[in-house]
Amino acid sequence: MEKMVNLSILDVRGTELPPEPEKPFPNDCCGSGCSPCVFDIYERDMELWRKECLLTKHNNNNKSSSESEHNASLSLSKYTSLELQSVTELNTDTSSYRFKLPEGTSLKLEVGQHLLLRSKKEDKIVTRSYTPITCNQGHFDVIIKRYQNGKMSQCISQWSVGDMVEWRGPFGKLKYKPNEYDEVIMLAAGTGIAPMLQLIRAVLGNDNDDTRLTLLYSCKKACDILMKDQLDEFRAFWNFNVTYFLTQASLEDDQSCIRYGDVILNTRIDKDFLLNILPKASDRTKILICGTKSFDKDMINYALNIGYQLDEIFIF
């Protein structure tokens with residue numbers, strides 16, 4: 001979700017705060033009594049934003065004991081300019097961008113954390129959140145989809161290798177502990193795969209974590225499946241499985257990325273499918289959701305209608 005602000009938001013002490021969630025337009029509500037409504041989700045996001053502002057202020061007042069120890073390369077309270085090292089095209093409108101970190105440093109992201117990108121468009125500050133897909137010593141990568149009329153997308157389309165780009169963070173509210181859940185269901189669409197990769201790597205990389213992971217990944221076409229090679233590797237683990245949902249597939253599409261054993265359905269993720277695949281709602285099951293606004297809203301409503309509670313659902 002892109003957001004325009006006149007300048008960075010400051011509190012009375014001059015601390016730069018995270019961008020405020022974008023309020024839905026009146027016509028964003030369909031008027032059919034959905035629970036939660038887009039305005040319910042907005043109120044939830046506002047509450048989380050207020051807490052994040054408090055955390056930012058706290059960390060700004062205690063820099064010596066928090067920022068330098070938690071993350072040597074980025075800051076919660078101010079933006080850091082990082083060099084764009086390379087750009088790898090993934091499909092016609094999505095690319096992977098690699099950024100250089102200070103020598104000898106790496107991002108120390110916890111599962112579910114993201115970074116905040118800041119750029120300028122026509123004297124206006126544009127900010128957007130992105131979840132790194134890889135975090136290695138000396139660099140990190142993010143996947144970004146460019147939208148034709150997106151404010152941030154217009155900024156990104158002007159980037160060249162060697163440019164300095166402003167980042168800040170990490171932020172994030174997901175609290176994950178190994179074996180806290182028997183099963184985690186991940187509902188993702190498009191670039192919403194990014195935060196899911198963090199969790200998948202954390203679970204599969206821990207021999208003592210027996211959490212079962214089920215990924216339901218929605219894309220337009222087979223060629224739009226992001227990070228497919230890594231997802232193929234994850235399939236070798238007993239506690240991971242993935243189903244791909246293609247919403248605009250046709251016989252003429254490029255099928256070269258499809259592998260033997262892939263489970264692919266030419267349909268959208270719907271309530272009936274979830275009803276058949278989701279385990280019975282319990283505090284031992286967690287549902288994670290990341291996609292477009294409409295995708296998130298649909299998935300939340302499906303899960304609630306099946307019997308899950310809001311505290312058993314997490315929206316990135």
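Which residues point one way from strand 9, and which the other way? The points below take up this question and then turn to the rest of the predicted model.

1. Strand 9. Glu183, Ile185, Leu187 and Ala189 point one way from the strand, while Val184, Met186 and Ala188 point the other way. In a regular strand the side chains alternate between the two faces of the sheet. Residues of both sets in strand 9 are buried, and the strand as a whole is mostly covered, with 7 of its 7 residues buried.

2. An open sheet is formed by 6 strands in the order 12-11-10-9-13-14, and the pairing is parallel. Strand 12 (263-265) and strand 14 (313-315) are the edge strands, each pairing on one side only. On average, neighbouring strands of this sheet are turned by 15 degrees against each other, direction ignored.

3. Pairing within the sheet. Strand 9 and strand 10 run parallel and are joined by 7 bridges; across this pairing, isoleucine 185 stands opposite threonine 214 in strand 10. Strand 10 is also joined to strand 11 by 7 bridges, again in parallel. Cysteine 219 has leucine 246 in strand 11 as its bridge partner.

4. Helix 4. This helix covers residues 193-204, 12 residues in total, and reaches 16 Å from its first C-alpha to its last, close to the 16 Å expected at 1.5 Å a residue. Helix 4 is mostly covered, since 10 of its 12 residues are buried under the limit of 20% relative accessible area. The buried residues are Ile193, Ala194, Pro195, Met196, Leu197, Gln198, Leu199, Ile200, Val203 and Leu204. They pack against several elements, including strand 9 (183-189), strand 10 (212-219), strand 11 (240-246) and strand 13 (285-290). Strand 7 (139-145) and helix 5 (228-234) are also among the packing partners of helix 4.

5. Helix 7. Residues 293-306 form helix 7, which lies across strand 9, strand 10, strand 13 and strand 14. Its direction is at about 160 degrees to strand 13.

6. Aromatic pairs. The structure holds 10 aromatic pairs. One of them joins tyrosine 97 and tryptophan 159: the ring centres are 5.4 Å apart and the planes stand at 85 degrees, so the pair is edge-to-face. This pair links distant parts of the chain, 62 residues apart, with tyrosine 97 in strand 3 (residues 94-100) and tryptophan 159 in the loop between helix 3 (151-156) and strand 8 (164-171). Tyrosine 97 is buried, with a relative accessible area of 4%, and tryptophan 159 is buried with a value of 15%. The rings of phenylalanine 234 and phenylalanine 240 also form an edge-to-face pair, because their planes are at 75 degrees, with centres 5.9 Å apart. Both phenylalanine 234 and phenylalanine 240 are buried.

7. Aromatic cluster. Ring pairs link Tyr97, Phe99, Tyr130, Phe140, Trp159 and Trp167 into a cluster.

8. Cysteines. How many disulfides does a search of the whole structure find? The search finds 0. For cysteine 223, the closest cysteine sulfur is that of cysteine 257, at 7.0 Å, which is too far for a bond; the cut-off is 2.5 Å. Cysteine 223 counts as partly exposed because its relative accessibility is 35%. Cysteine 290, by contrast, is buried, with a relative accessible area of 12%.

9. Backbone geometry. Most residues other than glycine have a negative phi, and most peptide bonds are trans. Glycine 169 and proline 170 are joined by a cis peptide bond, with omega about 5 degrees, and proline 170 lies in strand 8. Asparagine 179, in the loop between strand 8 and strand 9, has a positive phi near 65 degrees. Its relative accessibility of 33% makes asparagine 179 partly exposed. Methionine 227 has a positive phi as well, about 60 degrees, although it is not a glycine. This methionine is found in the loop between strand 10 and helix 5, and methionine 227 counts as buried at 15% relative accessibility.

Technical notes. Residues are numbered from 1 along each chain as its sequence is written. This is a predicted model: local features need pLDDT of at least 70, side-chain atom pairs count only at pLDDT 80 or more; totals for chains, interfaces and linings use all residues. Side-chain values use heavy atoms; hydrogens and water are left out. Buried means under 20% relative accessible area, exposed over 50%, partly exposed in between (1.4 Å probe, protein chains only). Helices (H or I, at least four residues) and strands (E, at least two) are DSSP runs, numbered from the N terminus. The expected span of a helix is 1.5 Å times one less than its number of residues. Contact means heavy atoms within 4.5 Å. Two strands pair if DSSP finds at least two bridges between them. Axes are lines fitted to C-alpha atoms, for helices over the stretch in contact, and angles run from 0 to 180 degrees between N-to-C directions. Rings of Phe, Tyr and Trp (its six-membered ring) pair if their centres lie within 6.5 Å; planes under 30 degrees apart count as stacked, over 60 as edge-to-face and the rest as tilted.
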